[in-house]
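Here's a quick briefing to read with the model open in your viewer.

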Amino acid sequence: MSDKEQLSLAEAGRLARAALEASDVSAENAASTARALVLAEIDGQGGHGLSRIPSYTGQSRVGKVKGHAVPEINSLKPGVFRVDAGHGFAYPAFDMALPELTARARMLGIACCAVHRSHHFGVAGHHCERLAEEGLVAFVYGNAPKALAPWGAKKAVLGTNPIAFAAPMEGGALLIDMAVTTVARGKILAAREVGEPIPEGWALGPDGEPTTDAATALKGTMAPMGGAKGAALALMVEVMSACLAGAALSAEATSLFDNEGGPPNLGQVLLAIDPHFVSNGGFDDRIADLAQIYDDLDGARMPGARRFAAREHAAEEGVWVKTALLKQIREIAGEA
């Protein structure tokens, strides 16, 4: 018997919505969240995809994340505003923030949004990509619960703290998205959910020793990419997200993987720039020339380019999801 099951995109979305709505999440928030999770699956980012449903729904049932929260905008300056996610899921807050950020960046040339009282925000690059599709250059910074020790220390005080960038270009946005650890912590969660080991080098156990056990890894620390440089980048993202948003520091935030404690109270900050103003109209030609340099190099490809083929394939074939995970999701949805 195969350990995976094929789902159409429509069925994957329906099942995700059903599980969320069965766990005290409003229909609107369930739809927004399900769209984000399915897109993560499509793009091969399973750690931010359907594997999140058991933890999301468990937290909603106990009120750690508010399933009926309605985000609110608070305008501060013409180019600066905040979105209060209300300790709910981050995706509805981003759905509200992105059109407003687009409008302000087009009017002013640059705009900034801070999302606070937030939760896990999924694939960071997807939010930037939506801004790039509107013709904007975008950055997003977000913090996460502690999982990474500062370089030279053993105690985790920083998160995996993803950073993403996107820019408009012909044929689809240039997209760069990375956690500051060797891998995103969601990949370890996904392995734990189905009882699989992780590769050595991804994480350390509580004793500071390398481990291939996903459950042990989640109790320990993540390995930073690039050693000291990755740890320094995590600190920069912490300032650009938690500090700028006035949110919980990674060292203070509760876990995204269990039902213990109160809301994680994470922060995310988005910057959007209208490149045509800044470049005096030269941006399109310059990025096209840059893309051509890459095209002319054997073996080179623009970061994020693989997602286009993945999306085309998924539109025809759907997605493959681990049977053990689907069993959990169906039980949560009351469809076992």
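Keep in mind that this is a predicted model. The largest cavity is lined by 6 nonpolar and 2 polar residues, with no charged ones. The largest pocket, for its part, has a volume of about 840 Å³, and its lining does include charged residues, 9 of them.

**The enclosed space**

- The count of cavities of 30 Å³ or more comes to 1.
- How much space lies in the largest cavity? About 30 Å³.
- The lining of that cavity is made up of Asn29, Ala69, Pro71, Ala85, Gly88, Phe89, Pro92 and Ala93.
- Sorted by class, that lining gives 6 nonpolar residues, 2 polar ones and no charged ones.

- The largest pocket comes out at a volume of about 840 Å³. Its lining has 40 residues, and the closest to the pocket centre are Gln45, His48, Val123, Asp177 and Met178.
- Which elements each supply at least two residues of this lining? They are H5, strand E7 (174-178), helix H6 (185-193) and helix H11 (306-317).
- By class, the pocket lining splits into 19 nonpolar, 12 polar and 9 charged residues.
- The buried residues of H5 are Ala124, Gly125, His126, His127, Cys128, Glu129, Leu131 and Ala132.

**Aromatic rings**

- The model has 5 aromatic pairs. One of them is stacked: phenylalanine 94 with phenylalanine 121, at 5.8 Å centre to centre and 15° between the planes.
- That pair links distant parts of the chain, 27 residues apart: phenylalanine 94 is in helix H4 (residues 90-108), while phenylalanine 121 is in the loop between strand E4 (110-118) and helix H5 (124-132).
- Phenylalanine 139 and phenylalanine 165 form a tilted pair, with 5.1 Å centre to centre and 55° between the planes. Phenylalanine 139 lies in strand E5 (residues 137-142) and phenylalanine 165 in strand E6 (residues 163-167), so this pair ties together parts that are 26 residues apart in sequence.
- Phenylalanine 139 has a relative accessible area of 26%, so it is partly exposed.
- Tyr56, Phe89 and Tyr91 form one aromatic cluster. Phe89 also turns up in the lining of the largest cavity.

**Strands around E3**

- Strand E3 (residues 80-84) is mostly covered, with 4 of its 5 residues buried.
- E2 and E3 run antiparallel and are joined by 5 bridges. The hairpin that joins E2 to E3 goes through 2 residues.
- If you want a specific place to look, valine 83 in E3 is the bridge partner of isoleucine 73.
- E3 and E4 run parallel, and 5 bridges join them too.
- There, cysteine 113 in E4 is the bridge partner of phenylalanine 81.

- Lysine 66 sits in the loop between helix H3 (53-62) and strand E2 (72-77). Its relative accessibility is 38%, so it counts as partly exposed.
- Leaving out residues up to four places away in sequence, lysine 66 touches Gly86, His87, Gly88 and Phe89.
- The C-alpha atoms of lysine 66 and phenylalanine 139 are separated by 27 Å, and the two residues are 73 residues apart along the chain.
- Glutamate 193 is in helix H6. With a relative accessible area of 17%, glutamate 193 is buried, because the cut-off for that is under 20%.
- Which residues is glutamate 193 in contact with, leaving aside neighbours within four places in sequence? Ser51, Pro54 and Gln328.

Conventions. Residues are numbered from 1 along each chain as its sequence is written. This is a predicted model: local features need pLDDT of at least 70, side-chain atom pairs count only at pLDDT 80 or more; totals for chains, interfaces and linings use all residues. Side-chain values use heavy atoms; hydrogens and water are left out. On a 1 Å grid over the protein atoms alone, a cavity is a set of points where a 1.4 Å probe fits but cannot get out, and a pocket is an open set with protein on both sides within 12 Å along at least five of seven lines; lining residues have an atom within 4 Å of a point. Grid points are joined across faces, edges and corners, and a volume is the space filled by probe spheres set on the points. Ala, Val, Leu, Ile, Met, Phe, Trp, Tyr, Cys and Pro count as nonpolar, Asp, Glu, Lys and Arg as charged, and the others, Gly among them, as polar. Rings of Phe, Tyr and Trp (its six-membered ring) pair if their centres lie within 6.5 Å; planes under 30 degrees apart count as stacked, over 60 as edge-to-face and the rest as tilted. Buried means under 20% relative accessible area, exposed over 50%, partly exposed in between (1.4 Å probe, protein chains only). Contact means heavy atoms within 4.5 Å. Two strands pair if DSSP finds at least two bridges between them.
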